[in-house]
Amino acid sequence: MERKTYTMTQEQYDRIIEACKPVPMIMLQCGEPASQQENANRAWKALGDEMGFDYMTVEPISADRKLEFTAIPINKEQAA
């Protein structure tokens with residue numbers, strides 16, 4: 001399947017960056033919090049669902065174009 005270029009908003013980018021921050025290890029009765037990787041994956045999946053791409057196929061374009069990336073679009077019929 002062919003890759004497509006996507007451009008996220010600054011707000012979407014900020015959500016991804018926030019999700020990628022280290023998770024403090026706090027012992028709670030309800031168990032350990034989600035890991036940094038789990039949080040990042042969850043944020044990319046949410047963005048993929050919102051913008052219509054497979055979040056596991058995201059590739060950056062370049063460091064100076066931080067809001068742009070390529071990914072494989074999700075076929076709406078396949079997702080159903």
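Analyst: Threonine 57 sits in the loop between α2 and β2. The model is predicted, so local features need pLDDT of at least 70 and side-chain atom pairs count only at pLDDT 80 or more, while totals for chains, interfaces and linings use all residues. Residues are numbered from 1 along each chain as its sequence is written, and side-chain values use heavy atoms, with hydrogens and water left out.

Threonine 57 has a relative accessibility of 16% and therefore counts as buried (buried is under 20% relative accessible area, exposed over 50%, partly exposed in between, with a 1.4 Å probe and protein chains only). Apart from neighbours within four places in sequence, threonine 57 is in contact with Arg3, Thr70, Ala71 and Ile72; contact means heavy atoms within 4.5 Å.

Ile72 is also touched by glutamate 2, as is Pro73, when residues up to four places away in sequence are not counted. Glutamate 2 belongs to the segment before β1 and, with a relative accessible area of 69%, is exposed. From glutamate 2 to threonine 70 there are 68 residues in sequence, but 9.9 Å in space, C-alpha to C-alpha.

In β3, threonine 70 is the bridge partner of glutamate 59. Strand β2 (residues 59-60) pairs with β3 over 2 bridges in the antiparallel sense, where pairing requires that DSSP finds at least two bridges between two strands. The 3 strands form an open sheet in the order β1-β3-β2, with antiparallel pairing. Its edge strands are β1 and β2, each of which pairs on one side only.

Helix α2 (36-51) is part of what covers the buried residues of α1. Those buried residues, in α1 (residues 10-19), are Gln12, Tyr13, Ile16 and Ala19. Down the axis of α1 they fall within an arc of 125°, so they line one face of the helix; the arc is that of the directions from the helix axis to the C-beta atoms. Glu11 and Glu18 are exposed, on the face of α1 turned away from its buried side.

The axes of α1 and α2 come within 8 Å and cross at roughly 160°, which means α1 is roughly antiparallel to α2. Axes are lines fitted to C-alpha atoms, for helices over the stretch in contact, and angles run from 0 to 180 degrees between N-to-C directions. Angles under 35 degrees count as roughly parallel, over 145 as roughly antiparallel, 65 to 115 as roughly perpendicular, and the rest as oblique. On the α1 side the contact involves Gln12, Arg15, Ile16 and Ala19; the residues they meet in α2 include Ala40, Trp44 and Leu47. The contact residues divide into 7 nonpolar, 3 polar and 2 charged.

For the chain overall, there are 3 helices and 3 strands, running β-α-α-β-β-α from the N terminus on. Helices (H or I, at least four residues) and strands (E, at least two) are DSSP runs, numbered from the N terminus. Buried residues make up 21% of the 80 residues.

Definitions and conventions:
Nonpolar A, V, L, I, M, F, W, Y, C, P; charged D, E, K, R; others polar.
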